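Please look over the sequence and the structure that follow.

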Amino acid sequence: MKVKGVSLIPVVTAIFLLGVSGPVLASSMDSKIESSAEKSHVFTTNLKDDDIKVESKDGVVTLTGNVSQESHKLLAGETVANLSEVKSIDNQLKVKGEQPAEMSDTWLLTKVKTTLLYHRSVNVGTEVDVKDGIVTLHGLADNQAQKELTTEYAKDIDGVKDVNNEMTVSPSAKASQTKVGDKIDDASISALVKITLLSHRSTSALKTSVTTKDGVVTLTGKAANAAEKKLAAKLAGDVNGVQSVQNNMTVM
């Protein structure tokens, strides 16, 4: 086919290839997003017992299925939102079963256990009981500093009235499963840091943006004072997988 002596075959071929390559590239991107989510540390560890389906279309991700608690729904959404090339999230996850009343002992028990699990300085075998808003901790601590830090973290969880720490200090106690040098994907780290800051009373109201590159977490946003800024960095730095924290928050 020619128009004024110019062949249209290469032009038509180019247009055809562009039309084909667009959907192919989008499909490849979506498959990568879905695979990255499903293979992430959060999905294979924290959410392994939940039923979550991840579907991406042109970078718009829809999450469907059931999770055991509200924090898992938030954690799944935060993890996927931090994956590269994700444009937006439609989080349709449903929390299965009857959920305990907010601030009830059962509700606090789940929240305390979950939040402590995100901190690598807390022994994974720490046992938690809650009665009338008062948390009692049992189990073994590697040292006195770890015992005191566990008390500090538990006491700062929103809703906790007080903490009785009956843990026994034992140098042979098994340390947390994740060490500073362990490799965790950046999307999972960002999600864990964000949920941790939301769970703690002292940092829950902070408008903090969290980004992670090769395990290095960068915090931006505003803190009411220097103490809040320092605490945000401390809590973030103790989250599983974090190598270091760059605190760029500004004090209002």
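Asp162 and Lys155 form a salt bridge, with their closest N and O atoms 3.9 Å apart. A salt bridge here is a side-chain nitrogen of Lys or Arg within 4 Å of a carboxyl oxygen of Asp or Glu. In general, side chains of opposite charge can pair when their charged atoms come close. Asp162 is partly exposed at a relative accessible area of 33%, and Lys155 is partly exposed at 40%. Buried means under 20% relative accessible area, exposed means over 50%, and partly exposed lies in between (1.4 Å probe, protein chains only).

The model is predicted: local features need pLDDT of at least 70, side-chain atom pairs count only at pLDDT 80 or more, and totals for chains, interfaces and linings use all residues. Residues are numbered from 1 along each chain as its sequence is written, and side-chain values use heavy atoms, leaving out hydrogens and water.

The structure holds three salt bridges. In another of them, the side chains of Lys234 and Glu152 meet at 2.7 Å, N to O. This pair links distant parts of the chain, since Lys234 is in helix H7 (residues 226–237) and Glu152 is in helix H5, 82 residues apart. Helices are DSSP runs (H or I, at least four residues), numbered from the N terminus. Lys234 is partly exposed, with 37% relative accessibility, and Glu152 is partly exposed, with 36%. A salt bridge also joins the side chains of Lys53 and Glu55 (3.9 Å, N to O). Lys53 is partly exposed at 48%, as is Glu55 at 39%.

Helix H5 (residues 144–155) also holds Thr150. Is Thr150 buried or exposed? Thr150 has a relative accessible area of 0%, so it counts as buried. Apart from its neighbours within four places in sequence, Thr150 is in contact (heavy atoms within 4.5 Å) with Leu116, Val122, Thr126, Leu137, Asn165 and Met167.

Elsewhere, helix H4 (residues 105–118) packs against helix H6 (residues 186–199) at an angle of about 135°, with the axes 10 Å apart. Axes are lines fitted to C-alpha atoms, for helices over the stretch in contact, and angles run from 0 to 180 degrees between N-to-C directions. H4 is therefore oblique to H6; angles under 35 degrees count as roughly parallel, over 145 as roughly antiparallel, 65 to 115 as roughly perpendicular and the rest as oblique. Lys111, Thr115 and Tyr118 of H4 make the contact with Leu192, Ile195, Thr196 and Ser199 of H6.

Technical notes. Helices (H or I, at least four residues) and strands (E, at least two) are DSSP runs, numbered from the N terminus.
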